Amino acid sequence: MFITAAAFVATAVLATAAPAAAAPTVTKVAAGYGQTCAIRTDATLWCWGSNWSGEVGDGTNDTRTTPVRVGTAANWAGIEAGSNFACATRTDRTLWCWGGNRRGQLGDGTTTNRNAPVQAGTATTWATVSAGDAHTCGVQTDGTLWCWGFNRLGQLGLGTADWTVSTPTRVGTASNWASVTAGFAHTCATRTDGTLWCWGDSSSGQIGTGTLSYSTTPAQVGTATTWRGASAGLVHTCADRTDGTLWCWGNNGYGQLGAGTTLQTTPQQVGSGTTWSAVNAGYDTSCASRTDGSLWCWGNNMAGGLGDGTTTSRSVPTRVGTATTWTTGLVAGYHTCGVRTDATLWCWGNNGNSQLGDGTTTNRSAPAQVILPG
């Protein structure tokens, strides 16, 4: 799609190679610091990469250079990866977590690491979950919001700053929460009325309320009632609105806000485009898809996580290849992964722990297809 001068300058790169031989396809993907997980179209769960804390979930602590299956269940519905742990929902609405648990982020009432999935609480009404650095939040089907794990900066939204909460604990009394996203030490969530709320650490303005302090309870971000979804990164946040515009705020040290040069304590629009369909904020990077199926990334690119074929950081959205088949299934961190419309999975960026699933530890600066076992 042509970008006018009134929008923003962006860099395009050559298309990556066509997919290799047909392989099992995926529906969901999640990326932590050094691990990746994906749900196949047959509802089985597969993970790979770093496994020091058991974050691969295969019952071992061995690094996995290629995808391995997690247990025998074939009813996985959603997956989220934190820094060294992961959580996933099943079609029966139960919630399961595994990996690092020093701060109780697995929600099983302990602070013991787990190298295989353990159930978080007993509820069978989980709709969605989000995993941060050491805390987790989820929305249940009745619209209630629950958080647990590390809370030193109020990121659980409970009105306190307790260090550890090891079981799911309800956030306030509202029952109209729609989605939630957990960052490093802050959290944001949308409500069904289109409002956006954030809390926790705001030392770089990442909760978007104009403060450089922190909040222990949800605080509304501006007055807009058109927020569609949000994604919390390390110390920045991005969100899109129902009009297709994209907004970011917080730290901007690597250009991860996609505009401007300094940190922002309130939302600022990324360019003037109105065709954004989804956004994901990573550690110091951001990626977003458009309604035309194109994918764009910006921010820290030292390990090639922007996918533009270079290791040059970018302060404006930079197009990833020329493909127009990217979906809203994308995750950005020190490595990045995305799902295409043919349900193939592609990853790139940091590969020091084999998180790209290609059997090597070689970084990649452009998307490469991940082949899951057949």
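Q: Where is Arg93 found?
A: Arg93 is in the loop between strand E6 (85–90) and strand E7 (95–99). Keep in mind that this is a predicted model.

Q: And what's with its phi?
A: The phi of Arg93 is positive, about 70°, although Arg93 is not a glycine.

Q: Is Arg93 buried or partly exposed?
A: Arg93 counts as partly exposed, because its relative accessibility is 37%.

Q: Okay, and Ala43, what's its phi like?
A: Ala43 has a positive phi of about 70° and is not a glycine either. You'll find Ala43 in the loop between strand E2 (35–40) and strand E3 (45–49).

Q: Buried or exposed, that Ala43?
A: Buried: Ala43 has a relative accessible area of 16%, and the cut-off for buried is under 20%.

Q: How many residues lie between Thr41 and Lys28 in the numbering, and what separates their C-alpha atoms?
A: Thr41 and Lys28 are 13 residues apart along the chain, and their C-alpha atoms are separated by 8.7 Å.

Q: Switching topic: what does the secondary structure of the chain come to?
A: It comes to 28 strands and zero helices. As for overall packing, the radius of gyration is 19 Å, close to the 21 Å that the globule rule gives for 374 residues, so the chain is as compact as a globular protein of that length.

Q: What does the C-alpha trace span?
A: Along the principal axes of the chain, the C-alpha trace spans about 50 × 50 × 30 Å.

Q: How many of the residues count as buried, as a percentage?
A: Of the 374 residues, 57% count as buried. The accessible surface of the chain comes to about 13,100 Å², and 52% of that belongs to carbon and sulfur atoms.

Q: Now charges. How many positive and negative side chains are there?
A: The chain has 19 positive and 19 negative ones, and the centres of the two sets lie 1 Å apart.

Q: Why would charged side chains pair up at all?
A: Side chains of opposite charge can pair when their charged atoms come close.

Q: How many salt bridges does the structure hold?
A: The structure holds six salt bridges. One of them joins the side chains of Arg40 and Asp42, at 2.6 Å from N to O.

Q: Are those two buried or partly exposed?
A: One of each. Arg40 is buried, with 10% relative accessible area, while Asp42 counts as partly exposed at 36%.

Q: Which residue does Asp240 pair with?
A: Asp240 forms a salt bridge with Arg228, and their closest N and O atoms are 2.8 Å apart. That pair links distant parts of the chain: Asp240 is in strand E18 (residues 236–241) and Arg228 in strand E17 (residues 227–232), 12 residues apart.

Q: And is Asp240 buried or exposed?
A: Asp240 is buried, at 3% relative accessible area.

Q: Which residue forms a salt bridge with Asp108?
A: That's Arg114, with the closest N and O atoms 2.9 Å apart. Arg114 counts as partly exposed, at 27% relative accessibility.

Q: Last topic: where is Gln355?
A: Gln355 is in the loop between strand E27 (345–349) and strand E28 (364–370). Gln355 is buried, with a relative accessible area of 1%.

Q: What does Gln355 touch?
A: Not counting residues up to four places away in sequence, Gln355 touches Tyr33, Gly34, Gln35, Thr36, Trp48, Gly49, His335 and Asn350.

Q: And Asn353, which loop is that in?
A: Asn353 lies in the loop between E27 and E28, and counts as buried at 15% relative accessibility.

Q: What does Asn353 touch?
A: Beyond residues up to four places away in sequence, Asn353 touches Gly34, Gly49, Ser50, Trp52, Thr63 and Arg64. The C-alpha atoms of Asn353 and Gln35 are separated by 7.3 Å, although the two are 318 residues apart along the chain.

Terms used
Residues numbered from 1 in each chain as written. Predicted model: local features only at pLDDT ≥ 70, side-chain atom pairs only at ≥ 80, totals over all residues. Heavy atoms only, no water. Helix = DSSP H or I, 4+ residues; strand = E, 2+ residues; numbered from the N terminus. Rg over C-alpha atoms; globule rule 2.2 N^0.38 Å. Buried < 20%, exposed > 50% of the residue type's maximum accessible area, 1.4 Å probe, protein only. Areas by Shrake-Rupley, 256 points an atom, 1.4 Å probe, with all protein chains shown as cover. Lys, Arg positive; Asp, Glu negative; His and termini not counted. Charge placed at Lys NZ, Arg CZ, Asp CG, Glu CD. Salt bridge = Lys/Arg side-chain N within 4 Å of Asp/Glu carboxyl O. Contact = heavy atoms within 4.5 Å.
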